[in-house]
Every structure is written in C-alpha cells, then in structure tokens.
Amino acid sequence: MEDNNKKKGIEEEISREPNAENPFTLLDLKLTHVEKAAAGVPAVMAAFSDLFEEKAPVRGMRALFKMNQMDGFDCPSCAWPDPDDERSVLGEYCENGAKALAEEATTKRVTPEFFRQNSVYDLAKLDDYQIGKMGRLTDPMYLAPGATHYEPISWDNAFKKIAEHLNALESPDEAAFYTSGRTSNEASFVYQLFAKEFGTNNMPDCSNMCHETSGSALRPTIGIGKGTVTLEDFHDAEVIVIIGQNPGTNAPRMMSALAKGKKNGARIIAVNPLPEAGLMGFINPQSVKAVLTGGVQLADLYLPVKINGDMALLKALELLLIEFEKNNPGKVFDENFIKEKTVGYDDFLKQFDQYNLDELAALSGVSREDLIKAAEILAFKKRIIISWGMGLTQQPNGVDMIREILNILLLKGSIGIPGAGVCPVRGHSNVQGNRTMMIDEKPTDEQLDRLEKFYGFKMPRKHGYDVVRAIKAIHEEKIKVMFCMGGNFISATPDTTYTANAMRKLNLLVCVSTKLNRGHLVHGKEALILPTYGRSDKDIVNGELQIITTENSMGVVQSSRGMLDAVSDNLINETQIVCRMAMATLGERSVVNWQRYHDSYDAVRDDIEQCIPGFEDYNIRVRKKGGFYLPNAARDEQSFAKDLGGRAPFTLTELPDNTLASDEYMMATTRTHDQFNTTIYGLDDRYRGIKNERRVIFMNQNDIDKAGFKAGDKVDLYNYDDGIERVAPLFIIVSYQIPEKNTVTYFPETNVLVSVNNVVKESNMPASKYVKIKIKKHDPEVYKKVDEMLYRGALQRP
C-alpha cells in the first residue's frame with residue numbers, strides 16, 4: 001500500500017451501525033502497514049496463538065515437532081516438499097501449517113448435541129470463519145428430507161443409506177465422487193477403484209480447480225503433467241522466476257528454499273500484480289541473525305504485471321532473448337538441445353516478426369526498461385527454474401501461458417538438468433498423489449488396461465465429469481447422488497448461487513469431513529456427514545498404528561504417521577469408509593476383496609504396486625528415510641512427448657484481448673494470509689495490512705479517484721457474463737499498489753461473480769483470476785437479490 005493512500009479517517013468513513021434499512025454490518029476494519037518481508041517472529045507468535053485459541057497448547061505443541069519429520073506426519077496444509085536428508089530439530093513447519101494443525105488438534109468438538117441445539121438455517125447465518133471454528137466432528141450425522149436439524153445415525157445405517165441411493169440410480173453416471181487434496185494415496189486408490197467398479201468415471205476433484213491447467217499444458221509437451229525439479233534444484237539454480245504465485249501465504253516453506261538459492265548466487269525475478277511480502281523478503285524465524293537484521297531480500301527484480309498481461313510479458317522476454325542470441329550466437333540459446341530435444345523451432349521464431357517490444361510492454365503493464373533488465377538476467381544463464389501458481393492456472397489462456405514458459409526453458413535447454421526446470425506449486429498436501437492414484441475423470445486407456453488386467457472386471461471407458469461439468473450436470477439433474485471425500489465444495493467452486501441451486505437438487509449429498517463447513521449446510525434433499533481422522537490423528541487398525549502415504553509437489557512419496565489421540569471413538573478412516581461403502585453397495589457382485597483393504601493399508605499398497613508404474617517395492621521403500629522419488633522422464637532422461645519421439649514441441653500461442661469497457665475492471669480472487677484454500681483461520685491479512693475484515697476490494701488510487709469513490713467507501717460488485725447479473729454485496733474499497741483497472745478480492749466471498757462458463761481453454765478450470773466486474777455504490781436494496789443461506793452469515797456479524 002502506498003504511503004499516500006489516505007488511511008487516516010477511513011475507519012470513521014465506514015458506518016457500522018445497523019439500522020432498519022440496512023441490518024447488515026461490517027467488522028471494524030483497520031489498515032496497518034504493508035509488510036516488506038514474510039515470516040519472522042510475528043509468524044511464530046501467530047502460529048502458537050492458534051494453538052491456544054483451539055484449546056490445544058500442549059497437545060498441539062507436541063504434534064508440531066513431529067510434523068514433516070521423518071518419523072512424523074505430513075502437514076495437512078500445502079504440498080511443498082521436505083528436505084531429503086536432515087530436517088530442522090526446531091521444526092519443519094510454517095505459520096499456516098501450524099494453523100492447519102491447530103484446527104486438527106483442537107479439543108473443541110461438534111457433537112450430536114450441538115446439532116440438536118442448532119438448526120441448519122441457524123448455522124448458515126454464521127460466516128465461514130465462525131462455522132470452521134466450531135471444532136472437530138465426532139459422529140456420523142443424517143439430515144432427513146424436509147428436516148431442519150441433523151440427527152445422529154449409526155455407521156451401518158449410513159452405509160445402508162448410501163447403498164440404497166446408489167443402487168436406485170438408473171445409471172452409475174448419475175453419481176459423482178469428488179475428492180479434496182487431503183486424501184491419502186491409499187484412500188484415493190480404493191476410492192477411484194470403487195467408482196470404476198460401480199461403473200463411472202465421474203470423479204471431479206480439486207485439481208479441476210487449481211492445477212488442471214498445469215497438467216493440460218505439460219503432458220502433451222514434456223510428457224508428464226508434473227514439475228521437473230527437486231528441492232535441491234532451487235539451491236543450485238542461477239535464476240528463479242516466480243510468476244502468479246505468492247510463497248509467503250500459499251507455500252511459506254518455499255521461502256527457505258528461495259533464500260538458500262539466493263545465498264548460493266541465484267537471482268530472483270518476481271512477476272505478480274501485487275508486490276507480495278513473500279516475494280520481496282524472508283525473515284527466517286529459526287535464525288537469530290535473520291530476525292535481528294531483517295532477513296534476506298528475495299526478489300532482485302519485481303515486475304508488476306497486469307492481470308492476464310503475463311502472455312505479453314513472456315513474449316516480450318522471448319523477443320529480447322532472440323535479439324540477444326542474434327548478437328551473441330550460441331551463447332544465449334542451447335543449440336544442441338534445440339536440435340536434439342525439440343521440434344518446431346523455426347516456426348516459433350517466425351512469429352516474432354509481428355511483435356513490437358513497446359506494444360508488448362504496454363499490454364503487459366511492465367515498463368520496457370524492466371523487461372530488458374529481466375531478459376538480461378536470463379540471457380546468459382542456463383540453470384533457470386520457472387515456478388507458478390494459480391495466478392496463471394486460473395486465467396482463460398493459462399494453458400497457453402504455461403506452454404510459453406516452457407518455450408523459454410526449451411530455448412535455454414533449461415529442463416532436465418540440475419538447477420533448472422518447471423515448478424508448478426501445488427496446493428493441498430496430496431493433490432498430486434490423488435492424480436497419481438488415478439483420481440481422474442479422464443483416465444487413460446493405459447491406466448484402465450492395467451486395472452482391468454489385475455482386477456478382472458471391465459472398466460468404464462467413457463470420460464466422466466470434471467468440477468465445472470459436474471455442477472452443470474447436477475443443475476440439469478443428470479447427477480442425483482454426490483459423494484465428497486473431504487473439501488468444502490460449495491465454497492471452493494465458482495458461480496456460488498448457481499452451484500448452490502444445483503446442490504439443492506441432489507437426492508443425496510454425502511460429505512466425509514473432519515470439521516463443519518458450509519458444504520454441509522447447502523445440501524441435497526438428504527445429507528450425510530461422515531467424520532474421519534485428520535492427518536495428525538493416530539490411525540489404528542486391528543490394534544496397530546498405521547502409516548499412510550502422500551506425494552509432494554516434487555514427486556516424492558513419503559510415509560505419514562499420526563500421533564494424536566482422536567477426538568472421538570466414533571471416527572472411521574477414509575479407506576475404511578470407502579471399503580464399507582463398497583461392500584454395502586456392491587455386495588456379492590464385487591470381484592474386489594474390500595475387506596482385505598479395509599483391514600490393511602499394506603494390502604492396498606501391495607496392489608497399487610501392481611497397478612501403477614513407479615511403485616515397485618512400495619511397502620519397503622516408503623518406510624525408508626525420506627521415502628522415494630517417482631520416475632520423471634523429463635527430469636531424469638530429458639525424454640519428453642512420446643508421440644514426438646521423446647522431443648518437446650515449441651508451442652505457438654496468441655496474445656489475449658483484455659479490452660475493458662470504461663466502467664469495467666478486471667478482478668482476480670486470492671486468499672488472505674489467514675486462510676488455506678476455503679479454511680479461514682482468522683479475519684486478518686497481515687502482510688497486506690488488513691485487520692478484522694475480509695470483504696474488501698483492492699484498487700489503484702487513480703481508479704478510485706476517476707470513479708468518484710474514496711478509500712473506505714462501501715460498494716457492491718457486479719458481473720454480467722452470460723447476460724446474467726451476479727452481485728457480491730457490501731465491500732470496502734482499499735487503496736493499494738496494483739495496476740490500473742485491476743482489482744483483487746478474497747475468495748470464497750467473490751466466487752459468486754465467477755461465471756460457471758468462465759473457464760480456462762483446454763483444462764476447463766474456473767478462470768477465477770480473470771473476472772470482469774463493475775463497481776457501484778452500495779445499495780441496501782441489493783440484499784433482496786442474494787441467497788440468504790449463502791450471504792447473510794458473511795454480511796451480518798455478531
């Protein structure tokens with residue numbers, strides 16, 4: 001935030017007194033200074049304070065020192081990898097990981113008595129933060145048709161209810177099985193196997209909303225839909241480019257790797273519409289020197305790109321690199337790599353006859369001078385890592401932009417060598433493992449052939465629904481039963497009102513969860529909540545403490561062993577939930593020994609080994625220190641697209657048309673520092689200087705002035721895609737350092753503005769970072785246009 005943002009008096013300009021015309025209130029918004037570096041002592045204090053808030057200081061502290069350790073459990077938060085060798089005895093966790101653990105380790109419980117005392121409607125009046133702070137679920141609960149309250153149900157009757165609904169369907173494709181990224185490899189494998197034996201590939205999952213774009217871009221080009229770098233590569237890189245990614249909030253432990261790379265000589269280029277603290281600096285809280293000196297500067301160069309100006313920026317860099325190569329033949333591009341490992345180089349070069357640097361600079365929002373500086377950093381270096389997040393994957397042309405990133409690395413020969421490659425930063429802690437375990441609505445014939453050969457039943461070959469297509473199918477009543485393995489579907493998905501209306505048409509909604517969330521309150525005609533273990537909980541089967549396994553962002557499969565006593569004796573682990581559902585639903589017609597899987601994770605892993613390449617000796621290798629790497633031909637062998645003889649193609653892409661009307665703005669959604677995905681830990685966004693409020697819109701001061709607003713004004717946000725008026729009411733304008741005509745808001749509050757038809761080409765992901773909006777002075781009458789069950793709790797606070 002700029003120093004001249006007129007902070008003084010903003011609180012006085014925001015009326016919070018309820019009245020007859022406007023019963024909705026806002027909390028006491030406070031603006032503080034914007035941080036220039038992330039982590040440090042405040043991060044430690046924030047992490048520990050959450051343990052006290054959750055009434056679990058001793059229990060939680062004990063668990064913290066086991067999180068991400070060799071003999072401990074995998075963090076339930078992000079998928080950033082752990083060091084392969086020695087790990088810090090002071091702790092291998094970050095602030096947000098500690099907050100995630102605090103919510104798992106909490107001693108607060110949501111019991112059947114809680115549901116007897118609170119109706120669904122009353123709970124829906126709370127905002128998502130309040131709902132999430134209720135505590136851990138303890139018992140399976142059932143909502144009958146027309147009922148106002150959830151009631152307890154036995155596990156046997158819950159599975160009987162699911163089986164009755166599934167077996168009553170006219171087609172298996174009338175069911176959908178959703179997965180969040182927290183689900184273990186073992187549970188994911190049996191889950192997809194059940195869906196296939198039931199007869200459908202309707203397996204929408206959280207990848208469809210975060211990094212489906214990465215896979216869609218990478219699989220046809222480098223032959224694998226994952227990153228190609230290891231953690232050690234960050235330490236060895238000469239240049240690291242971070243684009244559309246905010247490490248300080250989304251993957252805080254990434255900053256340690258960046259700092260180590262910087263110490264070893266790497267230069268860092270940060271590309272983002274907002275100058276995030278986690279891009280600018282890092283104060284390692286485990287280093288006394290760092291705390292005393294203010295830490296390390298991360299970004300050597302910050303490029304303030306416009307929303308969706310990334311493609312113009314990438315093409316500008318290529319244009320400059322081509323010029324450098326002409327002036328320094330053979331010293332900028334890797335000619336041997338291009339000749340031996342790529343195709344389409346000549347056609348790629350020809351396209352640049354049509355581009356002009358000044359025009360590309362204007363489209364990107366980055367000055368010509370800064371583009372030249374970035375190209376100079378890249379020109380004579382080879383060990384280059386380019387890392388991205390949802391700032392790219394949730395753009396309409398995200399697939400093309402990632403392929404453009406790959407074009408740069410192919411020019412440089414910067415893939416499949418130490419210290420270089422692509423690094424999509426995955427979100428949830430096993431979202432990558434879910435996909436490896438074939439949680440995929442589009443399984444390949446090769447995958448299905450292996451399963452069919454091993455299990456002996458005919459696999460469904462028809463592609464299923466992804467998230468966006470599933471929402472539409474539910475709305476059209478083509479899907480009648482939905483089973484959610486974790487997650488908060490209603491809060492994670494786009495077009496909130498449209499999606500909510502769809503969910504209410506379901507005959508049955510089943511949610512496997514650890515905590516209460518809004519997904520339990522916007523439900524089908526019948527609903528079940530099935531409580532399960534968290535990652536930190538002891539998972540005991542037949543008297544033995546079990547290990548589960550996960551896969552991190554860099555393809556390492558590792559073991560995870562919980563160490564906390566469960567909050568209830570009536571929880572069942574996810575694998576057993578699937579197995580009991582399978583036995584109740586399929587009965588004697590099943591050819592799978594579900595009881596064997598129910599009783600032993602080792603048995604599940606033995607059969608994964610037979611069905612998925614790379615898992616040889618699974619049970620032995622995963623018990624070794626640090627686990628094992630899965631094969632990665634692009635990284636290990638510089639072998640890329642199989643259909644091109646192992647070569648990687650240069651991709652021809654187009655510049656987008658980002659024209660806006662005079663009264664339109666481009667909006668991107670983001671998360672605060674006090675949340676992970678849809679889980680909201682608090683109402684502050686410390687690094688961006690926001691306290692006590694989430695309903696804010698960040699705007700450039702020039703835009704505020706031109707529109708006749710002032711910082712602190714209350715406004716309503718509108719989107720008109722598809723000829724439909726969508727509205728997100730009651731936001732507060734905050735002046736911020738952001739490109740003109742660009743705005744940023746938090747999700748899930750503005751998911752309502754993201755049309756279900758606003759998707760990424762090829763990947764069909766919601767384009768939540770590219771939403772055209774109009775901003776109008778707040779009108780109290782706007783509440784008549786919104787869904788009370790979705791918005792009242794977010795707008796009216798006690």
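How are α16 and α22 oriented to each other, roughly parallel or roughly antiparallel?

## Helix pair α16 and α22

The two helices pack at about 15°, with axes 10 Å apart. α16 and α22 are therefore roughly parallel to each other (angles under 35 degrees count as such). α16 covers residues 310-327 and α22 covers residues 398-412. Their crossing is left-handed. The contact (heavy atoms within 4.5 Å) involves D310, M311, L314, K315, E318 and L321 of α16. From α22 come D400, M401, E404, I405, N407, I408 and L411. These residues divide into 7 nonpolar, 1 polar and 5 charged.

This is a predicted model, in which local features need pLDDT of at least 70, side-chain atom pairs count only at pLDDT 80 or more, and totals for chains, interfaces and linings use all residues. Residues are numbered from 1 along each chain as its sequence is written, and side-chain values use heavy atoms, with hydrogens and water left out.

Strand β21 (residues 548-551) is covered on both faces. I548 and T550 are buried on one side, T549 and E551 on the other. Buried means under 20% relative accessible area (1.4 Å probe, protein chains only).

β21 runs antiparallel to β22 (residues 556-560), joined by 4 bridges. Two strands pair if DSSP finds at least two bridges between them. T549 has S559 of β22 as its bridge partner. The hairpin has 4 residues between the strands, and G555 takes a positive phi near 80°.

## Helix α25

Helix α25 (residues 467-475) is mostly covered, with 7 of its 9 residues buried. Among them are V467, V468, A470 and I471. The cover includes β7 (175-179), β16 (481-485), α26 (489-492) and α27 (496-503).

Technical notes: Axes are lines fitted to C-alpha atoms, for helices over the stretch in contact, and angles run from 0 to 180 degrees between N-to-C directions. Angles under 35 degrees count as roughly parallel, over 145 as roughly antiparallel, 65 to 115 as roughly perpendicular and the rest as oblique. A crossing is left-handed if the near helix is turned anticlockwise from the far one by less than a right angle, and right-handed if clockwise. Ala, Val, Leu, Ile, Met, Phe, Trp, Tyr, Cys and Pro count as nonpolar, Asp, Glu, Lys and Arg as charged, and the others, Gly among them, as polar. Buried means under 20% relative accessible area, exposed over 50%, partly exposed in between (1.4 Å probe, protein chains only).
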